[in-house]
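Hi,

Here is the structure I promised to pass on. Have a look at it first, and then read my notes below.

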Amino acid sequence: MPEKYRVERLDPARPQALAELAAMRTAWMLEQDDAAEDGFVDRLGAWWRQQGGARHAWVVRAPAGEPVGMANLQVFDRMPRPGRPDTRWAYVANVWTDPAHRRRGVGRLLVDALLDWCRSQGMVRVVINPSEVSVPLYRAVGFVDAADLMRLDL
């Protein structure tokens with residue numbers, strides 16, 4: 001793992017952290033299309049507050065302190081079942097690294113931090129819908145293809 005980068009939990013309730021998250025989210029979207037939006041920080045902040053504490057975010061910082069990678073996850077508490085312990089699982093989303101910092105271990109640093117946190121929280125499963133380019137990273141940390149899911153796009 002790269003020594004020069006550091007990963008930290010992000011608290012989007014802090015205005016500076018929310019602005020960093022919004023800037024990275026915008027940069028990620030600009031790689032795909034022209035998706036800049038005035039006022040996006042406010043819309044992201046409102047959405048984050050609506051998540052009610054079930055969403056968690058991480059950022060990777062370069063040596064000078066600037067954010068160069070992000071990831072977040074949603075925690076799902078499974079409905080209790082008679083005679084079984086309560087369980088929780090996480091859905092990982094929006095793992096992104098600034099193009100100037102790719103292929104340097106930033107993504108792996110993020111994924112390792114998320115998985116460490118999930119283990120410390122007693123999650124029984126972590127789910128992700130990876131991009132084609134990210135599949136080798138997720139396989140390297142132990143993710144496997146799931147054949148037991150279905151979906152319906154509405």
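**The pockets and the strands**

The second largest pocket is lined by 25 residues, and V95, W96, S131, V133 and S134 are the ones nearest its centre. A pocket here is an open set of points on a 1 Å grid over the protein atoms alone, where a 1.4 Å probe fits, with protein on both sides within 12 Å along at least five of seven lines; lining residues have an atom within 4 Å of a point.

Before going on, a word on the source: this is a predicted model, where local features need pLDDT of at least 70 and side-chain atom pairs count only at pLDDT 80 or more, while totals for chains, interfaces and linings use all residues. Residues are numbered from 1 along each chain as its sequence is written, and side-chain values use heavy atoms, with hydrogens and water left out.

Back to that second largest pocket: it holds about 640 Å³ of space (a volume is the space filled by probe spheres set on the points, which are joined across faces, edges and corners). Strand β4 gives the most to its lining, with seven residues. Helices (DSSP runs of H or I, at least four residues) and strands (runs of E, at least two) are numbered from the N terminus. The lining divides into 12 nonpolar, eight polar and five charged residues. Nonpolar covers Ala, Val, Leu, Ile, Met, Phe, Trp, Tyr, Cys and Pro, charged covers Asp, Glu, Lys and Arg, and the others, Gly among them, are polar.

The largest pocket has about 930 Å³ of space. Its lining has 27 residues, and V126, V127, I128, A146 and L149 lie nearest the centre. Which strand gives the largest share of that lining? It's β5, with four residues. By type, the lining of the largest pocket splits into 19 nonpolar, two polar and six charged.

Now the strands. β4 (residues 88-97) is joined to β3 (residues 67-77) by eight bridges, and the two run antiparallel; strands count as paired if DSSP finds at least two bridges between them. L73 stands opposite V92 in β4. On β5 (residues 125-128), β4 pairs in the parallel sense over four bridges, and V92 has I128 as its bridge partner there. From β4 the chain crosses through helix α3 (residues 106-120) to β5 in a right-handed β-α-β crossover (with the strands pointing away from you, the path from the first strand over the helix to the second runs clockwise).

Cheers
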